[in-house]
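Here is a short report on aromatic rings and overall build. Look at the structure first, then read on.

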Amino acid sequence: MLVFLGLTLISAQKTYTVEGTVQDFHDKTMLENAVVNIGGFTTKTDGKGKFMFNKIPAGKYVLIAKHPDCDDYTENIGVNQDLHLVITLEHHIKDIETVTIHGSHKNNGSIVVKTLDKATISRNATENLGNLLTNISGVNALKTGNNIAKPVIHGLYGSRVSILNDGVKLAEQEWGVEHAPNVDVNNFEHIDVIKGASALKYGSGAIGGVVVLQPQVLPKKDTIMGAVALSGISNGRGANLNVKLAKTWENGWAIKTNGSFKKLGDLDAPDYGLMNTGVQSSGFNFGVQKLTFNKGFSFDYYLTNSSIGILRSSHTGSAEDMVEALTAPQPIYQRKFSYDIDNPRQEIEHHIAKVSAYQRFENFGKITATYSFQYNRRKEYDIRRTEELSKKPGLDLELITNDFNVNHLIERGNWNLETGINGGYQNNYSNTDTEARRLVPNYDRFYGGAYSVFKYKMTPKLEFEAGARYDFDRYEVTKWYDLSDWNKSYAANHSDFVVRVNQNRILTKPELNYNNVSGNVGLTYHPSDYFSLRFNYARVSRSPNVAELFADGLHHSAAIIEKGDMDIKSETGNQFNVVADAKVNLLGGLNISVNPYFFYTKNFINQVPIGYSNTQWGGDFVVYGYQQINARMYGVDLDVALKINDNLSYKGSGSYVYGQDLTHDVPLIMMMPASFNNSLEFSKKDWSNFYVNVSNQTVLKQTRFPVYNIFVRKYDTDGNPYRQEVDISTPPKGYSLWNLQAGVNLTKNFGVDISVRNVMNSAYRDYLNRLRFFSDEMGRNFIVTLKYQF
C-alpha cells in the first residue's frame, strides 16, 4: 500500500504541455484572441491562432474554446502526455444574421449585389415583388395594369431573370409578360438582386440577373416569436393581413408558419375609376428544421393563390372598339366602385414543397442536397362570344416541375471552390376544355446542368474568380399547326416532326435539344477601406422558352395575340460589369457606387408588334411576334448615400439603359427610361423608433423607341374599306411622383406605419405598363399599417 500510494503521489504531480491552434472551420483561417480554457487554466491565441499551456497536471478535463461571433467549442480530453490540438470554430454564424437584419454582406467578389433589408420590406408589405424591387437602382417593373408587375434588370426580363424562393427557382410560366412572380414578400427578411449573369450557380438562363428571396434565420434558443401586421389601403378600399409565428429550440429545432391575405376592389386613377382592377390573394408557408453547425435538414411548403382583374377596357370586340380604346383619353368601359373581379381576369395557384439537407466535413467541405416539387395552375378568363363560353377559361395551364441539385463548397484561407449539379423534369398540360386554341402546347422538358466557381485571393488587395457552367435542355412537344402556316414556315426542314394531317390542321411532335455553355471571370481590387473596384465578364447562353418557340394564339390577360418561331436558337452574348464603390469622410459619411455595364448578343430574342387580328373566339387584338436579332445594350446605375448627422440621412439613385436593335437599326422596344430616386429620412431611436421619409421618383420620357404602329381595316359611312394607322409606339410623357412614409412604436411591441403614395395625385402613364394605352396609372394611395411583434 505504501509503494502504491507513493506511485500515485508521484503520478499526480507530473505535468504536461498542451498546445495547439484555433481556426475557422470553413477556410482554415487562424483565429486570434480565442479564449481556451482547460479546467481552471485559461489562455488566449496569438496572431497566428496558437495557444499553449506549459504545466497541466495529468487528469481528465473539459476543454472550452470561445471566440467572438462563434459557437463555443467543448470537448472532453485526457491529459496523460504532451498534446497538440487543432480546434475548429464556426466563424460565420453571426455574419448570416447580419445579412438578414442589416442587409450587409460578406465580400461577394465581382458579383454585383444590391439588397432590400428587413426594414424596407416591412415598410412596403402591401406591395407585390415587382413594384418592391424598383427601390433598387437598375431595376424596374414590367406591368400589366397596377396589380401585375415583374422585375426588369438592366432592360432584361421574363426568362432572363431567375427568381429563387428560399433556394428554389420559381417555375411558373414566367415567359408571360403579365405573369407576375407568385411569391408573398412577407415571407422573407431580405431580398438580394444580383445584376447580370455572373452568378452561374443559379443557372445559365439568368442573363439579366437573379432575385434571391431569403427567409428569416431563426435563432438557436428556446423561444416563441411572431408578428402580426394589418394594413388598410385607401385606393381599392382594401386591406392586407400578415401573420408570422415561429417556435425555436436551443438544440436547433424550429417550426415556423406564415399566412397572408389581401383584398382590393376597383382602383382609381386621379380622374376616373379603373373598372375590374381588383385583386384577391392569399399565401401560406410552413416549415420545420433541425439545423446545427455540422449538419441539418429542413422541409418547407409555400402556397400562393391569386385572383387578379384585368382592366376591362383592354379587351375589345371589334376593330372599331379597339381603335377607340387605344385612342380615347379615358377608358371606354367604366362603372361604380366594386369588389367584383369579372372577366377578363386571371387565377393562379402555386405550390412549392422543398426538402433540403447539408453535412459539413472538416477537410472536404460542405455538401448540400435539395429536392423541390412545384405545381402551377394558371387560368385566364376573357370576354367571349357567349355567356356560357365566358364561364370557361380561355387559357388553362398546369405546370409540374421536379428539381434536384447537389452543391459542394470548400473554403480555405486564400481560396474557395463551389461546384454543383442539378437536373429536373417539367410537364406542361394545356387543357382542351377551354374551347380555344392553345396558346402554348403540351410538352415535356428535361434539363440538367453542372457548374464550378473558383475564387482566389491573389494578394490582400486583389481577388480573382472564374466560373464555368454547362446546361442541357430537351423539349418533347405535341402541337397542332394550321396546315398553311406549317407549309410556309417548317415543312421544308421539319418533315420528320409530322404525325398526321387532319383537313387544314397538322399534328406534329417536335423534339428539340439545346446545349449551352456559359462562363465568367472577375477581379476585385480594394486598395483601402475607402475604395473598391470590381470587374466581371460573362459569356452567357440561354435556351429559348416554350412561348418563344411555340406561342400561337390569344394571350388573354395580356390582351395580345402571340406568335412563336420553332427555329429560334439559343440566346448567347457577352456581358461586362464594372462597379466602383467609394467612401468619403463628408459629414457623417458619404457612400458612392457606380455600375456601368455592357451587353452584346448576335441572337437576342425580341418580341414586337407585327399587326392586328380578329379572333373568332375573343375579338380584335394586336399581334406580337418573336424574332431573333443582333442587339447591343449598355447603361449605368448610380447609388449615393449620405449620413448628414446621427438623425438625418439622404439616399439617391439613378439609372439609364440604352438598347439598340442592330439588325433593323432601330431602338430596342420596352427599354426603361432614365429614372432618378431621391429620399430624405429623419429617424430617432430615442423617440420610440420614430422616422419620417420623403421621397421623389422622377422618370424621364423615353425618346428612343421603335415604331411598330398597326393599320386597322375600317369602313366609312358608305361601306368602303380603308386603313387607319394606330399609334402604339410613342411613349408617354415623363413624370415625377412624391411619396411620404412615417412610423413610430406606440409601445415596446406595437407600432404603426403611415404611407402616402403619389401624394400630389399626379396623372401619368408608364412606358413599361402594357396597358398604358387604355388608362392612367393609379392615383393617390393612403396606407396605414398596425404592427405587433413578440
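Predicted model: local features only at pLDDT ≥ 70, side-chain atom pairs only at ≥ 80, totals over all residues.

Residues are numbered from 1 along each chain as its sequence is written, and side-chain values use heavy atoms, without hydrogens and water. Local features need pLDDT of at least 70, side-chain atom pairs need pLDDT 80 or more, and totals for chains, interfaces and linings use all residues.

Rings also pair with each other. Rings of Phe, Tyr and Trp (its six-membered ring) pair if their centres lie within 6.5 Å; planes under 30 degrees apart are stacked, over 60 edge-to-face, the rest tilted. The count is 24 aromatic pairs. Phe 576 and Phe 598 have centres 6.3 Å apart and planes at 45°, so this pair is tilted. Phe 576 belongs to strand β34 (residues 571-584) and Phe 598 to strand β35 (residues 590-615), so the pair ties together parts 22 residues apart in sequence. Ring pairs join both to Phe 535 and Tyr 537 in a cluster.

Phe 576 is partly exposed at 33% relative accessible area. Phe 598 is partly exposed too, at 30%. Partly exposed lies between buried (under 20%) and exposed (over 50%), with a 1.4 Å probe and protein chains only. Buried residues make up 52% of the 790 residues.

Notes. Helix = DSSP H or I, 4+ residues; strand = E, 2+ residues; numbered from the N terminus.
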